[in-house]
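Here is my note on the model, point by point. Please keep the structure open as you read.

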Amino acid sequence: MNRSFKKTVFSIFNLLLVLILTLDYAYAQTDTRLTVRVLSRDAKFIGSGMEGANIRIIDLRTGETLAEGRTEGETGNTKLLVQDSGTRYGKLAGDGDAEFNTVLKLTEPTKIQIIASAPLRSPNNMISISNELWMIPGKHIDGDGFIMEMPGLSVKIQEPLQYLSEEDKLEIKAEVIMLCGCPTEPEGLWDSSEMDIEVWLYRDGQMILRSDMNYTGRNSTYAAALSIPEAGEYQVYVTASDPRTANSGVDSVLITY
């Protein structure tokens, strides 16, 4: 047997060995289901009504993104999630409640990081939270899944959006809702009478005015009327905070008077 033939046989053998190992590796992968839900603190699941929460799942050993998507579905059962205290090991989610589902192909126990960013409908109030956990091949995390709690409030200035005429008095209106889209109002289930909802007026980086905002009577909307001292550009902030839960949110707009 000449050297060239031996070399060819050896190459074929190596190729077959690599193929066998590759097939064995693929066969060893185990489909492992993972469900992720994002719960607005003191409220309900963040779902389609707020354009969902973006979910990214990372293999912490390699840095590879294993899956990415967003939660979709309904906000869930108000009584179960908010009004009842709940019981240990009790089920929180029902059919159609907001979730992100994926199937991870695992060959070994894998530590992952889950990053959730929400709410996508309210970019100025969007924040990110993360958790780490071990995923074990074949040990599914589904049903209620892995629930992440997202703190915050969604604040959206409705008017003014940019300009005021010299005759205008500055009237600020803003929507304040929970991150899941649930409404706020005085004495409501999400009681805004215990929240601090304010407007802050700045010029050249200095605060010149600060005032409480009052509920308008509908649609989670709050308003305040301010007198502008002189012509110029002003930065307006609307802030909302709840000392009971540490939830907070901010929106801002630059106006020209």
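1. Start at Ser220. Ser220 is buried, at 5% relative accessibility; buried means under 20% relative accessible area, exposed over 50%, and partly exposed in between (1.4 Å probe, protein chains only). Its phi is positive, about 55°, although Ser220 is not a glycine. The residue lies in the loop between S12 and S13. Helices (H or I, at least four residues) and strands (E, at least two) are DSSP runs, numbered from the N terminus.

2. On the source: this is a predicted model, in which local features need pLDDT of at least 70, side-chain atom pairs count only at pLDDT 80 or more, and totals for chains, interfaces and linings use all residues. Residues are numbered from 1 along each chain as its sequence is written, and side-chain values use heavy atoms, with hydrogens and water left out.

3. Now take Asn219. Asn219 also has a positive phi of about 55° and is not a glycine. Asn219 sits in the loop between S12 and S13. Is Asn219 buried or exposed? At 51% relative accessibility, Asn219 counts as exposed. Most residues other than glycine have a negative phi, and most peptide bonds are trans.

4. Check the peptide bond from Ala118 to Pro119. That bond is cis, with omega near -5°. Pro119 is found in the loop between strand S5 (110-118) and strand S6 (127-135).

5. Next, the sheet around S13. It is an open sheet of four strands, in the order S8-S9-S13-S12, with antiparallel pairing. Two strands pair if DSSP finds at least two bridges between them. S8 and strand S12 (214-215) are at the edges with a single partner strand each, so one side of each has no neighbour in the sheet. S9 and S13 pair in the antiparallel sense over six bridges. Within that pairing, Glu171 stands opposite Ala225 in S13.

6. A hairpin deserves a look too. Strand S2 (residues 54-59) and strand S3 (residues 65-70) run antiparallel and are joined by five bridges. Ile55 stands opposite Gly69 in S3. Five residues lie between the two strands of the hairpin, and Gly63 in the turn has a positive phi of about 80°.

7. What is in the largest nonpolar core? It has 27 residues, and those with the most contacts inside it are Leu170, Met178, Met213 and Val236. A nonpolar core is a set of buried Ala, Val, Leu, Ile, Met, Phe, Trp, Tyr and Cys residues joined through side-chain atoms within 4.5 Å. Among the elements that give two or more residues to this core are strand S8 (153-159), strand S9 (170-178), strand S10 (196-203) and strand S14 (233-242). S9 gives the largest share, five residues. In soluble globular proteins, nonpolar side chains tend to be buried together.

8. Leaving aside neighbours within four places in sequence, Met213 is in contact (heavy atoms within 4.5 Å) with residues including Ile172, Ala174, Ile197, Val199, Tyr222 and Val238. A second, separate core of 23 residues includes Ala53, Phe100, Ala116 and Met135.

9. How many aromatic pairs are there? The count comes to two. Rings of Phe, Tyr and Trp (its six-membered ring) pair if their centres lie within 6.5 Å; planes under 30 degrees apart count as stacked, over 60 as edge-to-face and the rest as tilted. Tyr202 and Tyr237 are edge-to-face, at 5.5 Å centre to centre and 80° between the planes. This pair links distant parts of the chain, with Tyr202 in strand S10 and Tyr237 in strand S14, 35 residues apart. Tyr202 is partly exposed at 23% relative accessible area, and Tyr237 is partly exposed at 31%.

10. The other pair is Tyr215 and Tyr222. Their ring centres are 5.3 Å apart and their planes at 50°, so this pair is tilted. Tyr215 is partly exposed at 26% relative accessibility, whereas Tyr222 is buried at 3%.

11. Last, a charge and the cysteines. Arg37 lies over the face of Phe45, at 5.8 Å from the ring centre. That call requires NZ of Lys or CZ of Arg within 6 Å of the ring centre and within 35 degrees of the ring normal. The disulfide count comes to zero, where a disulfide is a pair of cysteine sulfur atoms within 2.5 Å. Cys180 is buried at 5% relative accessibility, and Cys182 is buried at 6%.
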